[in-house]
6 protein chains.
Amino acid sequence: MHSDRYKRGLDKLKEVDGEAGERVIESLKDVAPDLADYLIEFPFGDIFSRQGLDLKSREIAAVAALTVLGHAAPQLKFHIHGALNVGCSRQEIIEIIIQMVIYAGFPAALNAMSVVKEVFQERDKAGMH
Amino acid sequence: MHSDRYKRGLDKLKEVDGEAGERVIESLKDVAPDLADYLIEFPFGDIFSRQGLDLKSREIAAVAALTVLGHAAPQLKFHIHGALNVGCSRQEIIEIIIQMVIYAGFPAALNAMSVVKEVFQERDKAGMH
Amino acid sequence: MHSDRYKRGLDKLKEVDGEAGERVIESLKDVAPDLADYLIEFPFGDIFSRQGLDLKSREIAAVAALTVLGHAAPQLKFHIHGALNVGCSRQEIIEIIIQMVIYAGFPAALNAMSVVKEVFQERDKAGMH
Amino acid sequence: MHSDRYKRGLDKLKEVDGEAGERVIESLKDVAPDLADYLIEFPFGDIFSRQGLDLKSREIAAVAALTVLGHAAPQLKFHIHGALNVGCSRQEIIEIIIQMVIYAGFPAALNAMSVVKEVFQERDKAGMH
Amino acid sequence: MHSDRYKRGLDKLKEVDGEAGERVIESLKDVAPDLADYLIEFPFGDIFSRQGLDLKSREIAAVAALTVLGHAAPQLKFHIHGALNVGCSRQEIIEIIIQMVIYAGFPAALNAMSVVKEVFQERDKAGMH
Amino acid sequence: MHSDRYKRGLDKLKEVDGEAGERVIESLKDVAPDLADYLIEFPFGDIFSRQGLDLKSREIAAVAALTVLGHAAPQLKFHIHGALNVGCSRQEIIEIIIQMVIYAGFPAALNAMSVVKEVFQERDKAGMH
C-alpha cells in the first residue's frame, strides 16, 4: 500500500507531466522500482507539493538547474514539457535558457536549445502550445 | 565613452543590486577592467534587459543555477540579495534552494543554505526584508 | 510528531556521525529546518537504512562521490569521519581518494586530501582511530 | 618493450574486464596509442594494483564516482561490468546508484540506471550473473 | 542592421570554422535566433577579436576547456576543427587532450578522444590536414 | 630509489614552479606521500615531459582547464605562477580567463580572476614579472 507521500507525489507528477512521468516509472520497473518510488515521493510528494513557491516558478527553477548541469538532457526535456504544461510560454523557456549562458557558458545553453527544439516539435505535432 | 549596452546594463545592475555590483566592478579595476565591462554589457545590458521573462523570474532562475553549480558562492550571494531586492520573499529563496536537492543533491543545497544564512543576517542588520 | 522515517534516519545518522549530524541540524534550525528534516528522512531514513549494501560500502561510495564532486568539502569531511566510524581504516580512506585521480583528476584528489588531513588531526586530538 | 607497470596493469585490467578493456585500447590505437598505455599503466598498473583497499571496494568507489560525474557513461558501463566481475551483486550496483541521488541528485542516478539496464541485458544474453 | 560587433564576430567565426558556424546559426534560426546573434557578437565579436592572445593559443584554451567540461561534445568538435584550421597540428590536439587527464581524469580525456577521431576522419575524407 | 619518471618529473616541476611544488609535496608527506609521488611521476614525469606541445602552450591549457573546473583554486594558482614562469605574459593569463566566460560562464571567470589578483600581488612583492 502506498504512502500519502506517494499519492500526493503521483498527483503532482501528473499535474507537471503525467505521460512522461509514467514512461520514467515504467522504465525503472524491472531494474530499480524503488528509485521510481523515491522519485514520486521525494521530488513530487515532498518538494513540489510544498507551499511557498508557485508551480510555475518551480518549473522555471528546474529548467535553469537542468540546463546548467549539462548532463541531464532527459530530465531537462521532462521539465521543459512540465514548464509549458503549468503555464510557461515558449518564449519564457527560451529566455531562461539564454540566461544560462551567464552562469554556465554557451555550450550548456546551446545543448539545452537542442532539447527545446525537440520538445517544441513534439508539441507542434500534438497541437499543444 | 560607454555604449548603450553598458548604460542599460549599469541601470539594470543597479536595479538588481547596485552596491554589490559596484564592489565587483571595483575589484576588477586593476586586473581586468574589461571583464567588468563585459559583465555589465552582456549579462545585464543584453540578457537581463530582454523582454519575455520578468525580473523576479530571472532571479529565481539565477538562484537555481548558481546553487546547482556548487562553485559560485560569491555570485549566489549576489543573486540572493538580487532576488530579494526585486520582489522574492525569503521563503521563496529557501524553497528554490531546497528544490535544488532534486537536481544536484544535498551538498549543493546545504552549502547554498550557508550563503542564504549569511545574506539574511546582513539584511537583518541593515533592516531589509 | 516525527515520522518513522525520521526516527530511523536519526538512528542511522547517529551510527554514522551523531555529533557532526547534530551540528548540521542545528545550523539549519533558523533558516531551513525542513531541509534538516529531509536530510534525516531521505538520505538516512530511506537510503542508508536500505538492505543490499553494507554500511561500510555505503561510506566508501560516499567518500568517492564527494571527492569527485569537488565542491562539497563539508559533506566530505562528514563522511570521512563517518567512514572511519563504521569500520574503514585510515589507509582505506586514503586509497579511495587516490583512486579518484583516475575519474576526476589530481585537483579533486589533492583538495580532498586536505580535508582528510584535517579529519585525521581532529581524531588524533580526540584519541580516535 | 613494455614496463612492469604496463604488464601489471594489463593483468589487473583483465581481472576487471578484459574484453571491454581491449576494445578501449583498440579504439585508441590509431589516434592516441599513448593514452591507452597511460590508461593501463596508471589506473590499473599503479592505482588498482595498490594494497590497502580490496578490488570489490575499488569497484564500488568507481561506480559511485562515475555516476556522480554524469558525463562518463562509457566508463560507468565498463565499471558496472567490472564491479559484477569482481564480486558485486546486481543489487549492490543498484544500491550504489540509488545512494548517489543524495550527492548528485536524481538526474545523475536516473541516467546511470539506464546504463545499468543496458549492462544487465548484455549479461543476461551472455548468461552472466 | 547588424552591429559592428556582429560583423567582426562573423569574420572571426569564419576564420575559425565558417561552415560549422553556419550550421549552428542555421539550427538556431527557428527557435532562438537571438542566441545565434549573441554567439557571434560575444564570443567571436568581443572575445576572440581581442588582442593579447594569439588565435592559436585561444583554440588551445578552448579545446582544453571543452574537454574538461565533459558535456560539450558538439562545441569540442567545433573547436578541434577550429584549432586545426588556425594552425594547430593534429599532434598538438592529441597532446592537449591527453594533458586533460591531469585535471579532469581519464573519462573526460577518453570521451574527447572519440570526438577527435571523428574530426580526423571527416578531415581525412575532405583531404584536410 | 626513485624511478626515471620521478626524476624527470621533479625536473619538469621545478621548471614550472619548484617552490610551490615543494610545498604540495611537503603537505602530502604525512598523510599520502604516494600521491605526491604520482603527482611528480604522472603529470610532470609522463605528460609535461612529452614532445608535441610546447611548455607555454601546456600552461595555457592548464589555466583554461582549471578555470573551467571551478573547484580547483589552489591548482589554478600553481599554474598561473607556472604559466608566468615559462613565458606567458600577465596579459595572456587575463585573456585566457576572460575567454573562459564563453565555456563556463561569468562565475568561473570571476572567481579565477580573484586568484589571478592574488598571484599578481605575490609576484609584485617578490619583484617578479
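Mentor: The buried residues of α1(B) are covered from several sides. The cover includes α2 (33-47), α3 (55-69) and α4 (73-85) of chain B. It also includes α1 (4-28) and α2 (33-47) of chain E, together with α6 (101-125) of chain F. Helices here are DSSP runs of H or I, at least four residues long, and strands are E runs of at least two, numbered from the N terminus.

This is a predicted model, where local features need pLDDT of at least 70, side-chain atom pairs count only at pLDDT 80 or more, and totals for chains, interfaces and linings use all residues. Residues are numbered from 1 along each chain as its sequence is written, chains are lettered from A and ligands numbered from 1 in the order written, and side-chain values use heavy atoms, with hydrogens and water left out.

Which residues of α1(B) are buried? They are B:R5, B:Y6, B:G9, B:K12, B:L13, B:V16, B:D17, B:G18, B:A20, B:G21 and B:L28. Buried means under 20% relative accessible area, exposed over 50%, and partly exposed in between (1.4 Å probe, protein chains only).

B:D17 is on that list, and α1(B) bends there by about 115 degrees. The bend is the angle between axes fitted to the seven residues ending at a residue and the seven starting there. Now check the length. Helix α1 (residues 4-28) of chain B spans only 21 Å between its end C-alpha atoms. A straight helix of 25 residues would span 36 Å at 1.5 Å a residue. That expected span is 1.5 Å times one less than the number of residues.

Next, a residue in chain E. E:E95 sits in helix α5 (residues 90-125) of chain E. E:E95 is buried, with a relative accessible area of 1%. Its side chain makes a polar contact of 2.8 Å with that of E:Q91. A polar contact is a pair of N or O atoms within 3.5 Å; within protein, one must be able to donate a hydrogen and the other to accept it, and residues adjacent in sequence count only if both atoms are side-chain atoms. Across the chain boundary, E:E95 touches F:R50, F:Q51, F:G52, F:L53 and F:R58, leaving aside residues up to four places away in sequence. Contact means heavy atoms within 4.5 Å.

Now chain D and chain C. A rotation of 180 degrees with 0.0 Å of shift along its axis superposes chain D on chain C (RMSD 0.0 Å). That is the relation of a two-fold axis. Superposition is by least squares on the C-alpha atoms of residues with pLDDT of at least 70 in both copies. Both copies use the same surface: 100% of the contact residues of chain D recur in chain C. The contact takes 30 residues from each of chain D and chain C. About 2600 Å² is buried between them, and carbon and sulfur atoms give 71% of it. Buried area is the accessible area (1.4 Å probe) that two parts lose on being put together, summed over both. D:E95, D:Q99 and D:Y103 supply 23% of what chain D buries against chain C, more than any other three residues.

Last, chain D and chain E.
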